[in-house]
Amino acid sequence: MTVRLNPYLHFDTSSRSALEFYQSVLGGTLQIMTFGDMGSTGPVPPPEGVMHGQLETEDGLVLMASDGDPERPTEAGGQVSVSISGDDSERIAGWFTALAEGGVVDVPFEKQMWGDHFGQVTDRFGIRWLLNAAG
């Protein structure tokens, strides 16, 4: 049996923008299914709203997202962080820099006391990212 655990992010109405931004940072293939694709004529949820979006990268990362009901807003980020760890410090540093554009750097990406390079950033969509590069 194969099992995967994937982050699934919920936004009020910005899933498409967020997923397209993450694709520009991480690369990969983005698939988006709207409520309209499934026959919804709106207004709640609107037909152009994202019912399910999925980004799969060449590195094996999978990130999913959807839009919510505008009458029941969700708080982006909430109590969840997205963590990326690996051994390619240069590549992970590049992702950190790209995710920080328009966001807030909580912890600069730099060598830490445990020997790895680590940084924390809250992106422009309110999602907190933890990036760690071994060595």
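The legends below describe close-up views of a predicted model of one protein chain. Residues are numbered from 1 along each chain as its sequence is written, and side-chain values use heavy atoms, with hydrogens and water left out. In this predicted model, local features need pLDDT of at least 70 and side-chain atom pairs count only at pLDDT 80 or more, whereas totals for chains, interfaces and linings use all residues.

**View 1. The fold of the protein chain comprises two helices and eight strands.** Helices (H or I, at least four residues) and strands (E, at least two) are DSSP runs, numbered from the N terminus. Along the sequence the elements follow the pattern β-α-β-β-β-β-α-β-β-β. Of the 135 residues, 35% count as buried, where buried means under 20% relative accessible area, exposed over 50%, and partly exposed in between (1.4 Å probe, protein chains only).

**View 2. R91 and D59 form a salt bridge through their side chains.** The N to O distance is 3.0 Å, and a salt bridge is defined as a side-chain nitrogen of Lys or Arg within 4 Å of a carboxyl oxygen of Asp or Glu. Because R91 lies in helix α2 (residues 89–100) and D59 in the loop between β3 (50–56) and β4 (62–67), the pair ties together parts that are 32 residues apart in sequence. R91 is partly exposed at 36% relative accessibility, and D59 is likewise partly exposed, at 38%.

**View 3. Y22 belongs to the largest nonpolar core, which has 26 residues.** A nonpolar core is a set of buried Ala, Val, Leu, Ile, Met, Phe, Trp, Tyr and Cys residues joined through side-chain atoms within 4.5 Å. The residues touching the most other members are L9, F11, Y22, L99, W129 and L131. Two or more residues each come from β1 (8–11), α1 (15–26), β4, β5 (81–86), α2 and β8 (128–133). Not counting residues up to four places away in sequence, Y22 has contacts (heavy atoms within 4.5 Å) that include L9, F11, L99 and W129.

**View 4. V121 lies in strand β7 (residues 117–122).** V121 counts as buried, at 0% relative accessibility. Its contacts, leaving aside residues up to four places away in sequence, include F96, L99, A100, I127 and W129. V121 and F96 are 25 residues apart in sequence, and their C-alpha atoms are 7.3 Å apart in space.

**View 5. M38 lies in the loop between β2 (29–34) and β3.** M38 is exposed, with a relative accessible area of 53%.
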